[in-house]
Amino acid sequence: AYPNLFTPRKYKDERGGESGEPKYDFRGVIELTHPDMPEMRKKLVEAAHNAWPNAQFTDPNQPNYLEVDWCLRSGDKIADKAALKAKDPNAKRNQEAFRGKLVLISRGQYAPWLSAVLNGLIVDYHLSGNERMAAEPYFYGGVQVLVQVQLVAYQVGDNKPVVTAYPNVVLSLNQGDK
């Protein structure tokens, strides 16, 4: 959902102003029953454990529990938040598509490698120039993709700890409803 893989953009802060470095990003919508979910969750906790080895991430009732801002989020929570905040009915409706799913939020400063399945073959697109822009029709909201992300855990100052997913490779299967 909302792939932004061709031109990096800045994000709005809490006050609505743009902040930070421009980034490439996408939201991967994942079924709760996807067979890779147990392994994905394991990798997220592993990334957090590598950064904070003495912390507990799975049970808030345990000592040393550390609340983390995970890159894998509840679609229900995203939809609920949009319903409370959005003034535009279309924005609310768009977020409703996340209900009953998980959403992987992936952002990075560097352009991910892009490939697409065309006529049964994988076609790679270079990281810049006109050839990369030729891939744009194959990367739209609703397209099915295979992705490779790099999970990184960090904390800046007293802010909440974060496990983020940097996009490395996005392969469009060239299927899916817009």
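## Charged pairs

Let's start with Glu96, which is partly exposed at 35% relative accessibility. In this predicted model, the side chain of Glu96 meets that of Arg99 in a salt bridge, with 2.7 Å from N to O. Arg99 counts as partly exposed too, its relative accessibility being 30%. As a general point, side chains of opposite charge can pair when their charged atoms come close. The structure has eight salt bridges in total.

Another of these bridges joins Lys160 to Glu67, at 3.1 Å from N to O. It links distant parts of the chain: Lys160 sits in the loop between strand E8 (145-154) and E9, Glu67 in the loop between H1 and strand E3 (69-70), and the two are 93 residues apart. Lys160 has a relative accessibility of 41%, so it is partly exposed, and Glu67 is partly exposed as well, at 48%. Asp69 and Arg73 also meet in a salt bridge, with an N to O distance of 2.9 Å. Here Asp69 is partly exposed at 29%, and Arg73 is partly exposed at 32%. Finally, Glu39, Lys43 and Glu46 are linked in a network of salt bridges.

## Aromatic pairs

Now for the rings. There are five aromatic pairs in the structure. In one of them, Tyr2 and Phe98 have ring centres 6.3 Å apart and planes at 80°, which makes the pair edge-to-face. Tyr2 belongs to the segment before strand E1 (4-12) and Phe98 to the loop between helix H3 (89-96) and E5, so the pair ties together parts that are 96 residues apart in sequence.

Trp52, Phe57 and Trp70 come together as one aromatic cluster.

In soluble globular proteins, nonpolar side chains tend to be buried together.

Which residues does Val163 touch beyond its neighbours within four places in sequence? Its contacts are Leu44, Ala47, Ala48, Trp52, Val68, Asp69, Trp70, Cys71, Val152 and Ala153.

Val45 is a handy residue to look at in helix H1. With 28% relative accessibility, Val45 counts as partly exposed. Setting aside neighbours within four places in sequence, Val45 is in contact with Phe57, Thr58 and Trp70. Its C-alpha atom is separated by 16 Å from that of Ile105, which is 60 residues away along the chain.

Over in strand E9 (residues 162-172) you will find Thr164. Thr164 is buried because its relative accessibility, 13%, is under the 20% limit. Not counting residues up to four places away in sequence, Thr164 touches Cys71, Gln150, Leu151, Val152 and Tyr154. Together with Tyr154 and Val156, Tyr166 makes a nonpolar surface patch of about 260 Å².

How values were computed
Residues numbered from 1 in each chain as written. Predicted model: local features only at pLDDT ≥ 70, side-chain atom pairs only at ≥ 80, totals over all residues. Heavy atoms only, no water. Helix = DSSP H or I, 4+ residues; strand = E, 2+ residues; numbered from the N terminus. Buried < 20%, exposed > 50% of the residue type's maximum accessible area, 1.4 Å probe, protein only. Contact = heavy atoms within 4.5 Å. Patch = residues over 30% accessible without salt bridge, like charges linked within 9 Å, V, L, I, M, F, W, Y side chains within 5 Å. Areas by Shrake-Rupley, 256 points an atom, 1.4 Å probe, with all protein chains shown as cover. Salt bridge = Lys/Arg side-chain N within 4 Å of Asp/Glu carboxyl O. Phe/Tyr/Trp six-rings, centres within 6.5 Å; stacked < 30°, edge-to-face > 60°.
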